[in-house]
Amino acid sequence: MYKATIGLEIHVQLSTKTKLFCGCSTEFAREPNTQVCPVCLGLPGVLPVLNEKAIEYGVKLALAMRMEINEFSTFYRKNYFYPDLPKGYQITQYGIPLAKNGSLEINTKEGLKKVRIQKGHLEEDSGKSIHLGDITESEFSFIDFNRSGVPLMEIVTEPDLESGDEVYEFLVLLRSIVRTLGVSSGDMEKGALRCDVNISVSKDKTRGTKVEVKNLNSFRTVKRAIEYEIERQIGLIEKGERIIQETRHFDEKEGTTKPMRVKEELNDYRYFPEPDLPPLILDKNYIEGIKHSLPELPNEKEKRFISQYGMPEDYARSIAYSPKMSEYFENVAKFVNHPREVANFLMVNIAGFLNEKDLEITDIKFGKEHFKELFELIESSKISVNIAKSVIEDCLRENKSPMQVVQEKGITQISDTGSLRKIVSEVLRDNSLQVEQYLNGKEKVFAFLIGQVMKKTQGKANPETANKLLLEEISKLKNERQR
Amino acid sequence: MIDIEHIESLAALRLEGEEKERIRRDLEEIISYFEVLNEVDTEGIEPLVFTKEVCLFLRKDEVKVSLNRQLIEKNRQLFGDGFFRVKRIIGE
Amino acid sequence: MEITKLGIKEISHLIKKKEVSAKEVVSSYLDEIHNKDSLVKAFLSVNEDEALRIAEQLDNENNKTGLLFGVPFAIKDNINVFGFETTAGSKILKGYIAPYDATVVKKIRNHGGIIIGKTNPDEFAMGSSTENSAFFPTKNPINHDYVPGGSSGGSAASVSGGFVPGSLGSDTGGSIRQPAAFCNVVGLKPTYGRVSRYGLIAFGSSLDCIGPITKNVEDAAIMLNVIAGFDENDETTAIMKVPDYTERLKDGVKNVKIGVLKEIKDFDIESSVLNALNKAVSKLIDLGAEIVEVSIPHLKYALPTYYIIAPSEASANLSRFDGVRYGLEGEGLNLRDFYENTRTEGFGREVKRRILIGTFALSEGYYDAYYLKASRVRRLIEQDFEKAFSVVESILLPTTPTLPFKFGEKKSPLEMYMSDIFTIPVSLAGLPAISVPFGETHNGFRAGMQFIGKWFDEIQLFQYSNALFEEG
């Protein structure tokens, strides 16, 4: 059996207001080079000044990943030439990183699996290089330094992962953690979360040759790239061929990994301590303070939703992993009770609407008061649960309250036995063939008859009442027959 | 003998001919001069990077005004919507 | 009264008393520059119109405050001054217009000082004679056949030549003290971290210091009052109060323990300098000081230590000069060519040498034996000084082992490096030191005497050096 050994190197862009070493804004800017200053442009004579928020976010994230914070950590220079690297070196943490030795647990088919985190450290992002037009033909590259200096937290895992699925799970969990903490958008498509993968495959206990795969743009791509790469390596091993230790990139169109064309000249980064930044010394109290302020994390929340609210696993996961959804859910559930029903409405009707309109849960007005109205309507038998679903949809689309929708559309459930009994009788009269069939023992026809009642009432009949009455009336008929 | 070509390439310099030879000799002379440091017993001695009284000041996360276009363009022409332009990065 | 013979304190005083206008002062100095700087070549750029305009503005102000009110200054060209071309003496920065002011420049302006021009340095502050400037060498105003010293040669010459009453230089291994000594003026290297480096084009980040070059000790103290202090833009500045550095100028050296170096006999020192040193010691004793022999056992390792650490830091600091955002744009069909051409053409020989040494010392396989080793020896040197300062208040050394030399005299890089044997150890330890001219003249030149002080103890330093200076 082949075994894959996978380790991840992840960069999380921290959502501080300003860059790591200067006061330039980190917000998305439409025009290039409008959020730059002498420091992040690497002008002669400038010096870095550390952003306190970046430290806070870094420590928060590290603690959420159960890492040990190093009270003393250092900054280093990593030297190499590249046009988007203005100083010709990146300031990063090399000697002693901010944090080390943590872990996260992911859900796998075999149950919970612990993935160890080797270290986490802070570093600055580089600018962006863009090619306008055809890459191979253009004589020039274009550089935008708006991103230069944005704070990143680099997280390195131990090679504990073994498949594309596991990595996918890990990234989903990480993303929801950073969102829950509010330290990053975690948006891989926007570059706020970047992932490089190290994979080796071997037949036995020995480690295979490590191949690095870069340039992965989405969680799905990561999974696909890993799956392809594992197959590729297995293929080579079976043929008895050697696996070259190299860096590859994923070709989205073809779904394959390819060696990178840039010859990674054994880049000697010549790391040395950054003389412009004294070591970072963190107070025990400061760290404890942040630890105590950590919100409930997604996987803990997931467990709690299942045990406290009796929520089904898949709902629990989806809601718990989204900080906004969980906040919304708990807000409502605490107000109206009925947590399982609320979860249902949320996941089926509301989520569907949000997806369709590309909105966030925080964009809609339908809140706990509306839910209260809705449940009152259900409990007073004015509408059925089924009808409630379409009521919600109408509320969302037309921005109305449940009461308004029910009144305007006159969809109040028919519950009064008088009018319902009349309708039931009519249905029985109009469908004598089916009534015959039922009386002769074909019990399934009952469903058809109920369907007809629903049709005749335009779905407004209270299902339980209709059921009861239909049974009564048809029994009457049965009795009449038997006389 | 130091591999001057390797060092040059790390430093993005390209020396030629006579200058290269001169500098290579200078470097060898200077580097062999460094050997005298081997006389010093530095066992257990911590490296010194920062001299006295430095402690890390933490800046508040508040946005400051950026550099305006004109000041940047005093030093380099910007292209398109405002990009710096360089010769193509090979292999991308 | 010849305005250009006056010092900072007097000029500012006279302007505030309205006995002379700022405009008159600036004009007088500009005349001197016009008449004599074509021979000395201390300046790379002079901004006459701007200087006169600011002078006029100050003259029209009713509230004349600021320690440097109306006084013109020259700034070494490796310090960013808004709107001025700032070249660091290098072709690679020719045409670079500074879009911001260094913190020290802001402070000078806030105190009413007027920036009159930028002075010529050794390229990127690497050198001891200003012969390494990419543009032209500066001459020693005392005798034009001799070097003014370096790397702040232009700044020292501008004061010595009577072109400004005060200038700013930078000192990494002696670059303020040595040219001050060669030009017979006063030069201070403050404690590392006492003055902000924000805006100083970095050479050796853990060593670089900005400091004043003046005609007398009092003026240097006044300038330090202005430029010292914690700066939010520089993480290596000390969060320490700035005292009044002129407080103890007249307090003398009675009963003060001053150290002389035991190891001095190990060094090759010109007899004229040695004589001056001995005379200085006698004079200090006359003035009531107690002379104590101290030992800095690792002193002889200071030079190789420095010439590993400074170039290592420089090799990284100079990587930003790639032609992409400012400065020289080289030719090249592709990016790699562009980088190499820009840098090979833009940097002079000494700079290239140091970049290569630094790159080598940090490279894989050599880092431990060179950079790390040197950093450890550096700590030993610092410890030596700590020990010495537990016994004495200040240490007296010659600033340089020789009097000024002629152009072209130093044939090899190592020979040139030797100029700094007494200044470099001080830089490695981050200590403050001041050079004051003292003793007889030889060929017009007097030797420079260097007082080394305890960390952040510039008040004492001014006190002791002034005692000797006033006797000189």
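**Exercise 1. The lining of the second largest pocket**

Work out how the lining residues of the second largest pocket divide by class, and where in chain A they come from.

*Solution.* 
Step 1. Sort the lining by class. In this predicted model, the lining of the second largest pocket has 11 nonpolar, 5 polar and 8 charged residues.

Step 2. Check the total and the centre. The pocket is lined by 24 residues. Nearest its centre lie R175(A), R179(A), S322(A), M325(A) and E360(A).

Step 3. Find the helices. α2 (164-181), α6 (313-320), α7 (323-336) and α8 (339-357) of chain A each give at least two lining residues. α2(A) has the largest share, with 5 residues.

**Exercise 2. Where chain A meets chain C**

Describe the interface of chain A and chain C: its contacts, its buried area and its salt bridge.

*Solution.* 
Step 1. Count the residues. On the chain A side, 32 residues are in contact with 36 residues of chain C.

Step 2. Read the area. The two chains bury about 2700 Å² between them. Carbon and sulfur atoms account for 60% of it.

Step 3. Name the main contributors in chain A. P44(A), L47(A) and F81(A) lose the most area to chain C. Together they make up 24% of what that side buries.

Step 4. Look for charged pairs. The rule finds 1 salt bridge across this interface. R197(C) and D276(A) form a salt bridge through their side chains, with N to O at 2.8 Å. A salt bridge needs the nitrogen within 4 Å of the carboxyl oxygen, so this pair qualifies.

Step 5. Count polar contacts. There are 15 residue pairs in polar contact between chain A and chain C, both residues at pLDDT 80 or more.

Step 6. β4(A) gives the most, with 3 residues. By class, this side has 23 nonpolar, 4 polar and 5 charged residues.

**Exercise 3. Where chain C meets chain B**

Repeat the analysis for chain C and chain B, and find which helix of chain C supplies the largest share of its side.

*Solution.* 
Step 1. Count the residues. Here 72 residues of chain C touch 52 residues of chain B.

Step 2. Read the area. About 5900 Å² is buried between them, 66% of it from carbon and sulfur atoms. E235(C), R349(C) and L356(C) supply 11% of the area that chain C buries here, more than any other three residues.

Step 3. Look for charged pairs. The rule finds 6 salt bridges across the interface. One of them joins E19(B) and R349(C), with N to O at 3.9 Å. The cut-off is 4 Å, so this pair still counts.

Step 4. Count polar contacts. The number is 23 residue pairs, both residues at pLDDT 80 or more.

Step 5. Find the helices. Several helices of chain C each supply at least two residues, among them α9 (302-317) and α11 (349-362). The largest share, 12 residues, comes from α12(C).

Step 6. Sort by class. The side of chain C that touches chain B has 38 nonpolar, 16 polar and 18 charged residues.

**Exercise 4. A salt bridge inside chain A**

Locate the two partners of the salt bridge between K113(A) and E162(A).

*Solution.* 
Step 1. Side chains of opposite charge can pair when their charged atoms come close.

Step 2. Read the distance. The closest N and O atoms of K113(A) and E162(A) are 2.5 Å apart.

Step 3. K113(A) sits in strand β7 (residues 111-124). E162(A) sits in the loop between β10 (151-157) and α2. The pair links distant parts of the chain, 49 residues apart.

Step 4. Set the count in context. The structure holds 73 salt bridges over all chains.

Technical notes. Residues numbered from 1 in each chain as written. Chains lettered and ligands numbered in written order. Predicted model: local features only at pLDDT ≥ 70, side-chain atom pairs only at ≥ 80, totals over all residues. Heavy atoms only, no water. Contact = heavy atoms within 4.5 Å. Buried area = accessible area lost by both parts, 1.4 Å probe. Polar contact = N/O pair within 3.5 Å; in protein donor to acceptor, adjacent residues only side chain to side chain. Helix = DSSP H or I, 4+ residues; strand = E, 2+ residues; numbered from the N terminus. Nonpolar A, V, L, I, M, F, W, Y, C, P; charged D, E, K, R; others polar. 1 Å grid on protein atoms, 1.4 Å probe; cavity = no way out; pocket = protein on both sides within 12 Å on 5 of 7 lines; lining within 4 Å.
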